Amino acid sequence: MYQKILVPIDGSPTSESGLREAIRIAQTTHGRLRLIHVVDELSFAFTADAYSYHAGQLLDLVRKNGAEVLEHALGQVKAAGVEADTVLHENLDRTVKQRVLDESLSWKADLIVIGTHGRRGPSRLVLGSSAEGIMRGATVPVLLVRAPEGNA
């Protein structure tokens, strides 16, 4: 069964849905979770557009936010009695998809659990889908947990 479950998180309600499902699976299988947050070029660019900071200050802000997302999620996992650790990647030269796939290989994950918006049509084409890219590139099973309506 699934003993090593990789869970990409970003702090969104969609990501929270994936985390809750991963916790349930880990409780059932007595597995452990690895929570991963990726600071990528896109999140850095969005933050740069939203605030008037220098690049170094922005990276510190985005890194701090990522650490807080991981800390909050780790608290939920520990409260549920599940073992877990966290990884924060901040390479700006790799995509979220690439980082998650690399982590799944290096950690030898048995399963990847990801919250997804389940977008279809033009909105998916415009926004892209890290979850879909991970699903297509993974060498292990991937569970896509669709966000409830209204959280997309």
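The structure is a predicted model, in which local features need pLDDT of at least 70, side-chain atom pairs count only at pLDDT 80 or more, and totals for chains, interfaces and linings use all residues. Residues are numbered from 1 along each chain as its sequence is written, and side-chain values use heavy atoms, with hydrogens and water left out.

Start with confidence. Here pLDDT is the predictor's confidence in each residue, from 0 to 100. The chain averages a pLDDT of 83. At least 70 is reached by 78% of the residues.

Now the parts list. The chain holds six helices and five strands. Both kinds of element are DSSP runs numbered from the N terminus: helices are H or I with at least four residues, strands are E with at least two. Read from the N terminus, their order is β-α-β-α-α-β-α-β-α-α-β.

The strands form an open sheet. Its five strands are ordered E3-E2-E1-E4-E5, with parallel pairing. Two strands pair if DSSP finds at least two bridges between them. Strand E3 (83–89) and strand E5 (142–146) are the edges, and each pairs on one side only. From one strand to the next, the twist averages 20°.

Look next at strand E1, residues 4–8. E1 pairs in the parallel sense with strand E4 (residues 111–116) over two bridges. Ile5 has Leu111 as its bridge partner in E4. E1 also pairs with E2 in the parallel sense, over five bridges. There, Lys4 has Arg32 as its bridge partner in E2. Four of the five residues of E1 are buried, so this strand is largely enclosed by the rest of the structure. Buried means under 20% relative accessible area, exposed means over 50%, and partly exposed lies in between (1.4 Å probe, protein chains only). Across the 152 residues of the chain, 41% count as buried.

Follow the chain onward from E1. E1, helix H1 (residues 13–29) and E2 make a right-handed β-α-β unit. Right-handed means that, with the strands pointing away from the viewer, the path from the first strand over the helix to the second runs clockwise.

Glu16 is found in helix H1. Its relative accessibility is 18%, so Glu16 counts as buried. Leaving out residues up to four places away in sequence, Glu16 touches His72 and Gln76; contact means heavy atoms within 4.5 Å. Glu16 and Gln76 are 60 residues apart along the chain, and their C-alpha atoms are separated by 10.0 Å.

Ala73 sits in helix H3. With a relative accessible area of 2%, Ala73 is buried. Ala73 touches Ile9, Leu19 and Leu35, not counting residues up to four places away in sequence.

These pieces lead to the cores. A nonpolar core is a set of buried Ala, Val, Leu, Ile, Met, Phe, Trp, Tyr and Cys residues joined through side-chain atoms within 4.5 Å. The largest one has 19 residues, and those with the most contacts inside it are Ile5, Val7, Leu19, Leu33, Leu35 and Val77. E1, H1, E2, helix H3 (55–79) and E4 each supply at least two of its residues. H1 gives the most to this core, with five residues. A second, separate core has 14 residues, including Val96, Val100, Leu101 and Ile112.

Turn to helix H4, residues 96–107. H4 packs on the sheet and touches E1, strand E2 (32–38), E3 and E4. Its direction makes about 150° with that of E2; axes are lines fitted to C-alpha atoms, for helices over the stretch in contact, and angles run from 0 to 180 degrees between N-to-C directions. Glu103 has its place in H4. At 8% relative accessibility, Glu103 counts as buried. Neighbours within four places aside, Glu103 is in contact with Leu6, Arg34, Ile36, Val87, His89 and Lys108.

How far along the sequence do contacts reach? Among contacts between residues at least 6 apart in sequence, 76% join residues at least 24 apart.

One stretch calls for caution. Over residues 119–128, pLDDT stays under 50, and the model has five contacts beyond four places in sequence for them. Among the elements of the chain, helix H5 (residues 122–127) has the lowest mean pLDDT, 38, while E1 has the highest, 97.
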